[in-house]
Amino acid sequence: MSPSIFLSWLVSIPILAAISSSAAPIAVPGPKGFPLNCGGTDEVTLGNEKYIPDDGFILTGTKGTVKTPGILPILSTLRFFPDGQARKYCYAFQVTKGGKYLVRTIYYYGGFDGGKEPPVFDQIVQGTKWATVNTTEDYAKGQTTYYEIIVVSPTKTLNVCLARNKNTTSYPFISAMVVQSLENSMYNSSDFTKYALTTVARNYFGQEGGAISFPDDQYYRLWEPFHDKNQPTVESKSNVTSSDFWNFPPAKAFTRGFTTSRGKTIRFQWPPMSVPATKYYVAMYFQDNRTPSPYSWRVFSVTLNGLLFYKDLNVTEKGVTVYASEWPLSGVTELMLTPADDMPVGPVINAAEVLQLLPYGSRTQTRDVIAMEALGSSFDDPPADWVGDPCLPPENSWTGVTCTHELMARVQKIELRNKGLAGSISPSIANLTALTSITFY
């Protein structure tokens, strides 16, 4: 995803669609979440958004600056990670156990390392590889890159990490991050014990302008405008509120929408990019645009990639949401809205979002995590990567830590240079029941 750096926002068997009419220092969270100005020394205010320095959320990395003229303040600083021995670089956030969170990471390279092309590296959330960060194409166009994921935290600490991979030629870096709490009811048809949701597209239709985000969207989601010169648009003459809809889309997204004349079908490519063959969470948002009256309704069917998504959907001026939790998509996708027979008006659509299901990797035994965190706190100077999951992903386990990987990962061996014990080794080390040896040299 690639909003311009000058935007004002900073500024598989288908399941039937459903419908609804309605060790590091851990800083204390704000009322809703953590907007971070990575590598910055001061709080930055952009419109109604305040981004705070990231120092209280990470122990490693180096602050850097970007000299590109005219960029937004939160893109003018970054945190980069020159330590090539560390297996990962982790942020730690104090959160509610079982709470649902949106995480957005934002990148603008700006040649901070003196190079011409941005480095390629991995993102990790709660021990699962989330994405490979490759900002090369966007940077060549003068754009930022951002990634989003929705995850439920199984513990009171949410870790978001960066890590080198075999294609990393320079230093991993990050410009900004948002960790935002979501309502439990949002996206709640998804099984967050098995997978997270990574954002593929979130669009509003038929309007000009930039992305919609906070404060119009109280959850800091980004809704990007989607234009199609072949689709007529219509302005809404009735008001709705975010709480009228499942997932609370911003009311501003319903100002206009795609429509067509009586008896005609709306047909266009969405999401706007080719997608890999897997399962997705798909939600669409509709509102009859006419002045409220007994006749302010329309009926049409929704088809996505040739599969019936919802038959004879009745859309009124109060609005409606339809969604599917595990919908198969592959390649270029076509969205089609077909009016019911004898309807005096054509279909209408205002907004939609699609998120890819990301299966979680294995988990490390909780008591092993607790014991390893206690051991780390026994050191005067623990290794920089002793934050996050000690064992996962396997290629990014903590320095000196060997794990077994069966049903759950277990710490098997610790072999580490003497880091200078602040006192005796924590008694909780006894909880590492799979540990066969511990060696300091």
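T62 stands opposite F80 in β6, and four bridges join strand β5 to strand β6 (residues 77-80), the two running antiparallel; strands are DSSP runs of E of at least two residues, numbered from the N terminus. Two strands count as paired if DSSP finds at least two bridges between them. The open sheet they belong to has three strands in the order β5-β6-β13, with antiparallel pairing, and its edge strands, each pairing on one side only, are β5 (62-65) and β13 (173-174).

## Basis of the model

This is a predicted model, in which local features need pLDDT of at least 70 and side-chain atom pairs count only at pLDDT 80 or more, while totals for chains, interfaces and linings use all residues. Residues are numbered from 1 along each chain as its sequence is written, and side-chain values use heavy atoms, with hydrogens and water left out.

## Aromatic pairs

The structure holds 34 aromatic pairs, counted where the ring centres of Phe, Tyr or Trp (its six-membered ring) lie within 6.5 Å, with planes under 30 degrees apart called stacked, over 60 edge-to-face and the rest tilted. Y107 and Y147 form an edge-to-face pair, 6.1 Å centre to centre with 75 degrees between the planes. Y107 lies in strand β8 (residues 100-107) and Y147 in strand β11 (residues 145-152), so this pair ties together parts that are 40 residues apart in sequence. Both Y107 and Y147 are buried, a term for under 20% relative accessible area, against over 50% for exposed and partly exposed in between (1.4 Å probe, protein chains only).
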